[in-house]
Amino acid sequence: MSSIDFKGRVAIVTGAGGGLGRQHALALAARGAKVLVNDLGGARDGSGGSVSAAQAVVDEILAAGGEAIANGASVTDFEAVQAMVAQAVATWGRVDILVNNAGILRDKSFAKMDLADFRLVMDVHLMGAVHCTKAVWALMNEQKYGRIVMTTSSSGLYGNFGQSNYGAAKLALVGLMQTLSIEGAKNDIRVNCLAPTAATRMTEDLMPEAVLEALKPEAVVPAMLVLAGQEAPNRTILCAGAGSFEAAHITLTNGAWIGLGGDAPERLADRLAEVTDRSGEIVPQSGAAQGSNEVGKAMANAGRH
Ligand code: NAI
């Protein structure tokens, strides 16, 4: 059986004052990591803030014999995030693991949503993760080691009524992961996404009671530990909830060569079922794969249309 331990490793977990982040921080510390516990300490919609939420988790880790420090930075503030990373480095000399977990909700149907709520959710989830990742990126490249976990969501992967802002931000993190996993690979920086389902204050009024019972946040933690571990995969979207695990993939169908010409739209419309048919679809390893696939089909059909 694999063994996953974090002795000598330094981890930053954002939004770790409660919910999933708290469980992530406790589990990393229990397996030997030194953990910077970040949390703005605000309400579910992102209002307010205090370092006491992070400090309470640090106290739990210390009481269990672990090592941890608290940080109250908002992930939306790049200078504060840089100071957070500097705090971890000043205390322990390195940062091996970053779990981008902080998040808020501002749910409304798109018709009723104002743009300020759209921007704020993008800012916390997407730019928050960008700030934290940027602040550790040079360090991880110099160390030639890094494990970064982005917290995405089924709302981003598949959609959910009332969560256009949240879904857009969460799928943006998948896009960020796709490229960073390519750019970081040469220095053993592995970047992955976690898509959790858990009963936390974020979901307490979105799911029925019995379902919430089954969805303990602790049940998501194994997926995070695997993605943060030495033997982590790279570029995986791991879904986790209630003790079940799945992988989500962004696939490309075999498609069809339609060619050029004034009637190409009509020919495409006629063959759309063939273009979208999923048999034989692939998971491209970079965006270049789509282009070369298309050029390949065009070359094979050179001379037609
Ligand atoms: P939560 O609301 O319990 O935890 C989020 C934490 O982030 C809070 O402690 C909050 O204070 C902190 N936070 C918010 N804004 C911050 C900021 N600007 N800077 C630093 N910290 C900030 O929610 P939960 O459920 O534990 O969510 C954790 C992550 O998992 C989020 O990214 C969420 O979007 C994601 N997620 C959760 C799902 C679930 O079923 N609970 C489903 C899919 C994704």
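In the predicted model, the C-alpha centres of domain 1 and domain 2 are separated by 37 Å. The domain assignment places residues 10-248 of the chain in domain 1 and residues 251-305 in domain 2.

The ligand is found in the largest pocket, and the elements contributing two or more residues each to the shell around the ligand are helix H1 (19-30), helix H4 (115-143) and helix H6 (164-184). There are 30 residues around the ligand, of which Leu20, Asp39, Asn101, Tyr166 and Thr200 come nearest.

Leu20, which is listed among the nearest residues, places a polar backbone atom 2.8 Å from an oxygen atom of the ligand. A nitrogen atom of the ligand lies 3.0 Å from a backbone N or O atom of Val75, while for Gly103 the distance between a backbone N or O atom and an oxygen atom of the ligand is 3.4 Å. The surface of the ligand is covered accordingly in the computed areas: of the 820 Å² that the ligand exposes when taken alone, 96% is buried by the protein.

How values were computed. Residues are numbered from 1 along each chain as its sequence is written. This is a predicted model: local features need pLDDT of at least 70, side-chain atom pairs count only at pLDDT 80 or more; totals for chains, interfaces and linings use all residues. Side-chain values use heavy atoms; hydrogens and water are left out. A residue is near a molecule or strand if one of its heavy atoms lies within 4 Å of it. A polar contact is a pair of N or O atoms within 3.5 Å; within protein, one must be able to donate a hydrogen and the other to accept it, and residues adjacent in sequence count only if both atoms are side-chain atoms. Accessible areas come from the Shrake-Rupley method with a 1.4 Å probe; for residues, only the protein chains shown count as cover. On a 1 Å grid over the protein atoms alone, a cavity is a set of points where a 1.4 Å probe fits but cannot get out, and a pocket is an open set with protein on both sides within 12 Å along at least five of seven lines; lining residues have an atom within 4 Å of a point. A molecule sits in a cavity or pocket if more than half of its atoms lie within 2 Å of its grid points. Helices (H or I, at least four residues) and strands (E, at least two) are DSSP runs, numbered from the N terminus. Domain bounds come from an automatic or database domain assignment.
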